[in-house]
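My notes follow the model below.

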Amino acid sequence: MSPIILYNHDASPPCCLVRLVAGVIGVDLKKVDVRDIENGVKNPEMVKKNPQHTVPTIDDNGLVIAESRAIAMYLVSKYAKTDSLYPADLQRRVLVDQRLFFDQDLYNRILAVCAPLFYGKPVPQSDADKMKDGLDTLSRMLDGKQWLAGDKVTLADYAVAVSLATLEYNTEFAIDAAKHPNITQWISRLEESSPMYREHIEQFFETVRKTAEEEKKKALQK
């Protein structure tokens, strides 16, 4: 059986989630790095594999899956030794699913305050307000809880944490520990929960910082 192929971009938060989950459950990935995230996935071969022509995309011996959360759910369901990250029990699983759907919205709000950096443009106040509202919602979800969906770390925790890590692209919107102690304390618990989590998130931070600096220089040259 061939290794799972991951079409990857190191600076992509969704790709980070897939790498993180695979690392935590001990699945080896053969990375195929797409350097040009706009055009590198639009060649005929990739469009045939994934009509969305997006990364991450995986190819598991002919089974092609796009969308980071769907990939993570698949990897855990097929390869993890236990179901703790994505429970088999329906009542427990649906809580994880709900938080993953929330994360899709939160990520889009975060992306809206980070994307202008790449074009040298200011962040619209309406987008800033929506992002801050998303953080307020997350804080309420964590009120009195250790984890987002149950009494153990799940895919929901990893997905939301990676979305928040995207804010490293625009540190003006970094999480305020005084305003959102629920979030910062939860992040600390995640960092302590798994050496593999720390390793992947630190690598991602390093890549993001480098990429953000490069994009700022490009924006100034325009």
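I looked up which helices supply the negative patch: helix H7 (181–193) and helix H8 (195–221) each give at least two of its residues. Helices here are DSSP runs of H or I with at least four residues, strands are E runs of at least two, and both are numbered from the N terminus. The patch on the surface consists of Glu191, Glu192, Glu199 and Glu202, and Glu202 lies in helix H8. Patch members have over 30% relative accessible area and no salt bridge, with like charges joined within 9 Å.

I note that this is a predicted model, in which local features need pLDDT of at least 70, side-chain atom pairs count only at pLDDT 80 or more, and totals for chains, interfaces and linings use all residues. Residues are numbered from 1 along each chain as its sequence is written, and side-chain values use heavy atoms, without hydrogens and water.

I then turned to salt bridges (a side-chain nitrogen of Lys or Arg within 4 Å of a carboxyl oxygen of Asp or Glu). The count by this rule is eight.

I looked up Lys49, which forms a salt bridge with Asp59 at 2.8 Å between the closest N and O atoms. Lys49 lies in helix H2 (residues 44–49) and Asp59 in strand S3 (residues 57–60), so the pair ties together parts 10 residues apart in sequence. Asp59 is buried at 11% relative accessible area, whereas Lys49 is partly exposed at 25% (buried is under 20%, exposed over 50%, partly exposed in between, with a 1.4 Å probe and protein chains only).

Finally, I recorded a network of salt bridges that links Asp10, Arg19 and Lys31.

Definitions and conventions. Patches are made of residues with over 30% relative accessible area and no salt bridge: like charges are joined within 9 Å, nonpolar side chains (Val, Leu, Ile, Met, Phe, Trp, Tyr) within 5 Å. Accessible areas come from the Shrake-Rupley method with a 1.4 Å probe; for residues, only the protein chains shown count as cover. Lys and Arg count as positive and Asp and Glu as negative; His and the chain ends are not counted. The place of a charge is taken as NZ of Lys, CZ of Arg, CG of Asp or CD of Glu.
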